[in-house]
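Please walk me through this protein model, from its overall build down to single side chains. Keep it brisk.

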Amino acid sequence: MEFGIRQIAVGGLERSELLQRMDQAGVQLNDYAKMLLAHRVFDEVVPAQKLTVVSRNLQQLGLDPGATLPQIFERAVSVGLKLCPDYVGPYLWLDFLNQAASSDSVLSGGRKPADSLTVASAALGDQEFPRGFYLRVVDDVPWLRGYRCDVTHGFAPTDTFVFQRS
């Protein structure tokens with residue numbers, strides 16, 4: 001799942017407004033996403049701004065199957081991309097509600113779901129806290145989901161991440 005390069009609107013909303021907009025758009029949340037949205041990073045209103053984001057899979061980054069998050073993030077930075085601010089996931093969903101449906105409907109399988117977009121961002125906590133957000137559509141329902149993985153987890157060549165463009 002890719003969307004290439006796009007400019008998205010982020011910030012300008014209090015947490016309650018952000019949650020309300022996602023609810024109005026029909027975006028579902030898993031428990032990990034709820035934990036991430038309760039994090040202090042969402043306590044303050046970020047000034048409204050536009051960010052340019054780009055999607056890249058491991059193949060496009062020139063990485064081998066099994067690349068880990070540290071390797072993926074290091075390569076992305078080396079080619080001029082940046083990690084997204086931690087608050088980007090919910091705003092990305094509000095700006096990208098026309099994401100194609102996932103080719104599999106399993107909501108949790110211990111691996112990166114097919115056709116999902118993982119927001120490349122710094123971790124907000126330790127390994128017990130969700131690592132970050134990913135977006136996917138299952139049975140025509142948009143989901144903002146949080147995920148956990150450690151630094152040794154290997155990703156598939158087609159796994160797609162969203163970075164901020166420098």
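Predicted model: local features only at pLDDT ≥ 70, side-chain atom pairs only at ≥ 80, totals over all residues.

Is His39 buried or exposed? Its relative accessibility is 12%, so His39 counts as buried, because buried means under 20% relative accessible area. Set aside the neighbours within four places in sequence, and His39 is in contact with Arg15, Leu124 and Phe129.

Now step back to the whole chain. The protein chain has 4 helices and 8 strands. Along the sequence they run in the pattern β-α-β-α-β-α-β-α-β-β-β-β. The chain has 166 residues, and 47% of them count as buried. Take the contacts with a separation of 6 or more: 76% of these join residues 24 or more positions apart. The accessible surface of the protein chain is about 8100 Å². Carbon and sulfur atoms account for 46% of that surface.

Next, the interior. In soluble globular proteins, nonpolar side chains tend to be buried together. Here the largest nonpolar core has 30 residues. Within this core, Val88, Leu92, Phe133 and Leu144 touch the most other members. Several elements give two or more residues to this core: strand 1 (5–10), helix 1 (15–24), helix 2, strand 3, helix 4 (88–95), strand 5 (117–119) and strand 6 (132–138). Which element supplies the largest share of this core? That is helix 4, with 4 residues. Another core lies apart from the largest one. This other core has 17 residues, among them Leu81, Cys149, Phe155 and Phe163.

Cysteines deserve a quick check. How many disulfides does the structure hold? The count is 0. Cys84 is buried, because its relative accessible area is 4%. Cys149 has 18% relative accessibility, so Cys149 also counts as buried.

Turn to the aromatic rings. The model has 5 aromatic pairs. A pair of aromatic rings is described by the distance of the centres and the angle of the planes. Phe73, Phe155, Phe161 and Phe163 form one aromatic cluster.

Arg145 lies over the face of Trp143, at 5.1 Å from the ring centre.

Finish with Lys82. Lys82 lies in strand 4 (residues 81–82). Is Lys82 buried or partly exposed? At 40% relative accessibility, Lys82 is partly exposed, because that class runs between the 20% and 50% cut-offs. Lys82 and Val54 are 28 residues apart along the chain, and 9.8 Å separates their C-alpha atoms. Beyond the neighbours within four places in sequence, Lys82 is in contact with Phe163, Gln164 and Ser166. Phe163 leads back to the aromatic cluster, of which Phe163 is one of the members.

Terms used: Residues numbered from 1 in each chain as written. Heavy atoms only, no water. Buried < 20%, exposed > 50% of the residue type's maximum accessible area, 1.4 Å probe, protein only. Contact = heavy atoms within 4.5 Å. Areas by Shrake-Rupley, 256 points an atom, 1.4 Å probe, with all protein chains shown as cover. Core = buried A, V, L, I, M, F, W, Y, C linked by side-chain atoms within 4.5 Å. Disulfide = S-S within 2.5 Å. Phe/Tyr/Trp six-rings, centres within 6.5 Å; stacked < 30°, edge-to-face > 60°. Lys NZ or Arg CZ within 6 Å of the ring centre and 35° of its normal.
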